[in-house]
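Please look through the model shown here before reading on, and keep it open beside the text. The report below moves from one part of the chain to another and describes what can be found there.

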Amino acid sequence: MDQVTDPESGTARHTSAPGGETADGGSSRCPVVHFDHTSAVHSLDPVASYRALRAQGPVVWSPEHGGYWVLTDYASVFAAARDDETFSSARSAHGGEGLNNVIPKAPVHLHIPVELDPPEHRTYRKIINAVTAPAALDGLRPRIAYWTARFVDDVIEAGQADLATVIGVPAAVTLDWLGMDASQWQRYSHTMHSVLANRPGTDAHAHALAEGIPWMSQQITDVIAARRAQPRDDIVSYLVGAQVDGAPMSDDAAYSIIELLISGGVGTTASLVSQTLVHLDADRSQRAELIAHPERLERAIEEFLRAFSPTQALARTIVRDTEIAGCPMRAGDRALLAWSSANRDPQQFEAPDEVRIDRWPNRHTAFGLGVHRCAGAHIARAIAAELLGQILTRMPDYVVDRERLRAYPQQGVNAGYEHIPATFTPGARLLPVE
Ligand code: HEM
């Protein structure tokens with residue numbers, strides 16, 4: 001395999017695989033593949049695309065985006081995600097400037113704690129855990145119920161809706177929880193999605209950089225200043241009042257956490273619910289089962305998380321030479337941990353392509369693994385349960401117009417749908433008109 005030296009980092013990088021088409025000098029263990037998780041062809045059918053990749057090997061090398069390893073099976077993803085000393089989440093010059101956990105890197109502010117390695121990570125994670133643990137959810141549940149009722153109320157009398165607007169609930173809940181303007185949920189969602197999930201060079205990406213990100217930055221900066229001056233009962237006030245190693249949290253650190261909470265909160269649960277609604281449109285017997293047995297929803301949500309993996313894949317930077325599945329990796333290489341592919345690994349899950357709503361145990365990787373495992377998992381589950389619960393109760397006969405159904409053009413980071421036109425029997429509002 002050819003190697004050149006990266007002028008920025010001084011490390012050797014793989015470029016091509018003359019003769020062997022492999023990344024380990026000739027054996028077939030670590031093939032060089034023509035794969036790009038941000039491409040249109042991958043986005044047409046990510047499940048099939050990752051299935052084909054797994055068939056090539058648990059670890060493969062793609063020359064796209066400056067070159068990156070793709071970890072495709074459960075064992076490799078598991079090993080890398082739990083080895084922070086080798087697979088670092090911290091920002092570095094390798095792979096360009098920007099957010100370390102996507103390929104290509106996105107030009108956003110540092111995200112804390114997802115871009116910190118242990119032990120620094122732990123300090124901030126403890127602060128976040130205090131407001132995202134199950135015990136802290138009691139205060140949030142009435143708000144989740146309220147926003148869900150309100151979003152469903154907005155469409156319930158019409159008998160038709162784009163369900164992609166109803167799934168704004170997670171974004172509204174997250175913003176409300178933070179203490180920010182929930183009525184702007186679409187602008188936040190759109191900005192975050194465009195910059196993280198769209199390819200650089202696309203109109204959506206350029207627009208987000210020119211307008212969305214500066215606007216969002218101003219909102220975050222303003223809310224930090226406002227809550228420092230006058231704290232309220234919200235998460236921004238909690239964060240600006242928190243102590244970090246004995247000193248008050250800086251505005252910059254608060255910013256980094258708030259932007260990450262927005263990015264984690266606005267799109268992911270929406271993606272989970274959107275894919276679930278489309279699935280339950282096709283599988284009417286599972287829908288009937290969940291309507292008849294709402295107590296089965298909890299386990300079903302774990303299976304929807306596994307099968308649909310809202311966050312498809314995230315990246316790390318390799319900071320010391322290592323080997324996974326026999327593939328030699330070098331310090332400075334980038335690696336994509338494909339949660340979605342691990343979740344379909346037949347070595348780990350029986351009949352992985354079947355959505356079995358009673359699958360148990362279900363050790364999926366949809367929330368990641370190791371120290372960075374999703375801090376918002378309990379919030380996400382609570383929102384998904386309320387939203388799916390209300391939709392199945394209040395519009396149980398919804399039918400998706402498949403002709404007009406539109407998936408996001410890029411499915412590499414966040415899978416899901418941007419339009420889910422549906423019809424259903426009209427129903428009654430729960431809340432008075434505001
Ligand atoms: C279905 C919904 C969700 C999915 C699939 C999801 C997925 C993930 C994944 C895969 C990670 C691991 C990142 C890594 O290893 O690099 C993560 C981390 C994180 N998520 Fe989520 N997430 C969801 C909902 C949420 C929500 C609702 C919030 C907050 C309100 C949130 C906040 C976070 C934070 C703060 C981290 C960083 C944790 C750390 O670095 O210690 N997520 N999430």
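Predicted model: local features only at pLDDT ≥ 70, side-chain atom pairs only at ≥ 80, totals over all residues.

In the hairpin made by β3 and β4, 5 residues lie between the two strands, and His-65 takes a positive phi near 50° there.

**The strands around β4**

Strand β3 (residues 59-62) and β4 run antiparallel and are joined by 4 bridges, and within this pairing Val-60 stands opposite Val-70 of β4. Strand β12 (residues 334-337) is joined to β4 as well, in this case by 3 bridges and with the two strands running parallel; here the bridge partner of Val-70 is Leu-336. Is strand β4 covered on one face or on both faces? Both faces of β4 (residues 68-71) are covered, for Tyr-68 and Val-70 on one side and Trp-69 and Leu-71 on the other are all buried.

**An open sheet of 3 strands**

Elsewhere, 3 strands form an open sheet in the order β6-β16-β13, with antiparallel pairing. Because β6 (160-162) and β13 (399-400) stand at the edges and each has a single partner strand, one side of each is left without a neighbour in the sheet. The pairing of β6 with strand β16 (residues 421-423) is antiparallel and extends over 3 bridges, and in it Ala-161 has Ala-422 of β16 as its bridge partner.

**The ligand and its iron atom**

Which protein atom is the donor of the iron atom of the ligand? The only protein donor is the SG atom of Cys-374, at 2.3 Å, and Cys-374 has its place in the loop between α15 (339-342) and α16. Around the ligand there are 27 residues, of which His-121, Arg-125, Arg-316, His-372 and Cys-374 come nearest.

| Residue | Protein atom | Distance to an oxygen atom of the ligand |
|---|---|---|
| Arg-125 | polar side-chain atom | 2.7 Å |
| Arg-316 | polar side-chain atom | 2.7 Å |
| Val-371 | backbone N or O atom | 3.5 Å |

**Helix α13 and what covers it**

Helix α13 (residues 284-292) has three buried residues, namely Gln-286, Arg-287 and Leu-290. These residues cover an arc of only 100° around the axis, which puts them on the same side of α13.

Is Thr-276 buried or exposed? Thr-276 counts as buried because its relative accessibility is 0%, which falls under the 20% cut-off for a buried residue. The side chain of Thr-276 reaches the backbone oxygen of Leu-272 at 2.7 Å. When residues up to four places away in sequence are not counted, Thr-276 touches Phe-304, Phe-308, Leu-388 and Tyr-398.

**Two residues in loops**

The loop between α4 and α5 (141-156) holds Leu-137, which is buried with a relative accessible area of 1%. Leaving out residues up to four places away in sequence, Leu-137 touches Thr-132, His-378, Ile-379 and Ala-382. Leu-137 and Val-236 are 99 residues apart along the chain, and their C-alpha atoms are separated by 16 Å.

Arg-82, in contrast, is found in the loop between α3 (74-81) and β5 (87-88), and Arg-82 is exposed, with a relative accessible area of 53%. The C-alpha atoms of Arg-82 and Arg-373 are separated by 9.9 Å, although these two residues are 291 residues apart along the chain.

Key. Residues numbered from 1 in each chain as written. Heavy atoms only, no water. Buried < 20%, exposed > 50% of the residue type's maximum accessible area, 1.4 Å probe, protein only. Arc of directions from axis to C-beta. Polar contact = N/O pair within 3.5 Å; in protein donor to acceptor, adjacent residues only side chain to side chain. Contact = heavy atoms within 4.5 Å. Pairing = 2+ DSSP bridges. Donors = N, O, S within 2.8 Å, 3.2 Å for Na, K, Ca; no water. Near = heavy atom within 4 Å.
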